[in-house]
Protein chains: 2
Amino acid sequence: MATIRDVAKHAGVSVATVSRVINETGYVHEDTRKKVETAIKELHYTPNEVARSLYKRKSRLIGLLLPDIANPFFPELARGVEDEMQENDFRIIFGNSDEKSSKEQEYIQTFVQNNVVGMIASTNDPDTHAYRKLNIPVVFLDRTMDNRPSVYSDGYEGGRLAAQEIAARGSRNIAVIQGPERVRPAMDRFRGAAETLKDLDIAFQVIQSSSFGIAEAGVWAKEVFRKVPDTDGVIASNDIVAAAVLHEALRLGKKVPEDVQIIGFDDIPLSSLLTPPLTTIRQPAYEMGRAAARLLIQLIEKEALDNHTIQMPVTFTERDTTRKAEKND
Amino acid sequence: MATIRDVAKHAGVSVATVSRVINETGYVHEDTRKKVETAIKELHYTPNEVARSLYKRKSRLIGLLLPDIANPFFPELARGVEDEMQENDFRIIFGNSDEKSSKEQEYIQTFVQNNVVGMIASTNDPDTHAYRKLNIPVVFLDRTMDNRPSVYSDGYEGGRLAAQEIAARGSRNIAVIQGPERVRPAMDRFRGAAETLKDLDIAFQVIQSSSFGIAEAGVWAKEVFRKVPDTDGVIASNDIVAAAVLHEALRLGKKVPEDVQIIGFDDIPLSSLLTPPLTTIRQPAYEMGRAAARLLIQLIEKEALDNHTIQMPVTFTERDTTRKAEKND
């Protein structure tokens, strides 16, 4: 039977260092930690209960909670998380909360019961007790809260860009579809668009919506043209809703972008396959997933961090549901 | 401390019955089992190691393995599985195999380590040792193998329907996109289409494709019109590829359905939002997910089953990428 001294000798470090690695107390350089772990494996060292619970904690299993896998934005996020985690030898279990707090609580519990060493959550309630009481690191993804580790894109800037670009292309009677009130990035992008249109002194009307789902998207699309029949520009709450607006506009015999311009949000994979292809505000979903995974790994490995909130840039992605910009020179 | 006798008395059953429930040996009626479990809970009975391992086994956790969550067909399946499982108080952990055997093996291992009581797998390798050696029930979903518990739709009939309906609407120079060779339902639907077109003596050419992914869909779409520039009908391998074909046809200035008809496969939620909306062969994805969950629960609860392979019907879903059928009367 190998002892802790054998491990220390094999790894070329002190017993205290091995102990620090096993008990996760105090700083150990990443390279050193790996040497110790390799020695533990090679010598088949089983350091009693402490280590057993350590190994249990160190399941290298991560819980990933998504609000709606039927919305193509989230599988892209998930792929980013998964690829980064796999490269670092972590595995993922997913849960789909369906935007329901009860299901979210259940998944958090399931993750904990299965000894995840960290969690990435795309949630509307980052401040809930269920997260606060966890003693494992949690990174909030897309839907975030100040002062908690999080990765998100700049929703306000996205809304501002959408308003600025649709205005620069001549729309003067704009319909803005406001996403679900409980979804913070949806509210950020709405505020960005509304405040920019106000500043530009361009008329706009707001269409309230309560979901991003495909099933209801057609309802909001119809509402746009019922409430603002002569609109010449629609800023949609996301790409799914934009696809429904495009479909409805064409069904009503409107020309896109000649009669009405449309801008989406997200840049889901299918947006470029629409006809005309959808102009949208791109969020780097895959990269956001990767960044959240990297951040979580740093937290799990107790690395010193300069910053634990990461805001990713959004970009105006010009396709054919908008006209060419009017030159101002 | 409650004893097994207390539990039996409280539940109004024999000690032997309680033992059968605890040890999962022999038949116990569902109602009786519930009575015993309720008594165990109410009396806080902890029946030593046997029961502890029982409760561990009885995690009510299910592993769900999907090949590609970025393909909107699979989230629909997942939602069906999830809803049925939730109604029956089971929880799900997902894995995304990315169509890779190595990731699939890892997830199977992860599921087992986390004490899942059953597994639903959408896999290209149902016959692999990794499944054969499991001592928990597995239901194969969508991608199946004979003689194993499975839920799938009738791919051959789907292909046959697509060929028959596009022919009935006048296409005489058809391009059939053959899905990935390793995906059995893709091959079934291809055979159904090809054999039907042969029987009808209608000319067709085959475009090989190696994935269902959004990233590559545009490649197959371009290949269709490069290889068969004057095609008047395309039978696509799935809706994503059909969306790319529609996009490419319109880009080339072709009229759909006047110049070229297009039929997809799956009926993903976005298909009805395309312009023109996509005619397709519908698979009841959500219902397939529910059926797989029900079947797995029956296997977990050791219910007697008449049949453990369930084939679901496919339906021709007529929208606007096909012309009206020619009347033959």
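Helix 6 of chain A and helix 5 of chain B are roughly perpendicular to each other. In this predicted model, their axes come within 13 Å and cross at roughly 85°. That angle falls in the range of 65 to 115 degrees, and the pair is therefore classed as roughly perpendicular.

I turn now to the aromatic rings. Over all chains, the structure holds seven aromatic pairs. One of them is formed by Phe73(A) and Phe74(A), whose ring centres are 5.2 Å apart. Their planes stand at 75°, and because an angle over 60 degrees counts as edge-to-face, this pair is edge-to-face. Are these two residues buried or exposed? Phe73(A) has a relative accessible area of 4% and is buried. Phe74(A), at 2%, is likewise counted as buried.

Another pair involves both chains. Phe94(A) and Phe94(B) are arranged edge-to-face, with 6.2 Å from centre to centre and 90° between the planes. Why does this pair join two chains? The reason is that Phe94(A) belongs to strand 2 of chain A, whereas Phe94(B) belongs to strand 2 of chain B. In each chain, that strand spans residues 91-96. Phe94(A) is buried, at a relative accessible area of 3%, and Phe94(B) is buried as well, at 4%.

In chain A, the charged end of Arg189(A) is placed over the ring of Phe265(A), 3.9 Å from the ring centre. In chain B, Arg189(B) lies over the face of Phe265(B), and the distance to the ring centre is 3.9 Å.

Chain A contains twelve helices and twelve strands. Along the principal axes, its C-alpha atoms fill a box of roughly 80 × 45 × 30 Å. How many of the 329 residues of chain A count as buried? The share is 56%. As for contacts in chain A with a separation of 6 or more, 70% of them are between residues 24 or more positions apart.

How values were computed:
Residues numbered from 1 in each chain as written. Chains lettered and ligands numbered in written order. Predicted model: local features only at pLDDT ≥ 70, side-chain atom pairs only at ≥ 80, totals over all residues. Heavy atoms only, no water. Phe/Tyr/Trp six-rings, centres within 6.5 Å; stacked < 30°, edge-to-face > 60°. Buried < 20%, exposed > 50% of the residue type's maximum accessible area, 1.4 Å probe, protein only. Helix = DSSP H or I, 4+ residues; strand = E, 2+ residues; numbered from the N terminus. Lys NZ or Arg CZ within 6 Å of the ring centre and 35° of its normal. Axes fitted to C-alpha atoms, helices over the stretch in contact; angles between N-to-C directions. Parallel < 35°, antiparallel > 145°, perpendicular 65-115°, else oblique. Contact = heavy atoms within 4.5 Å.
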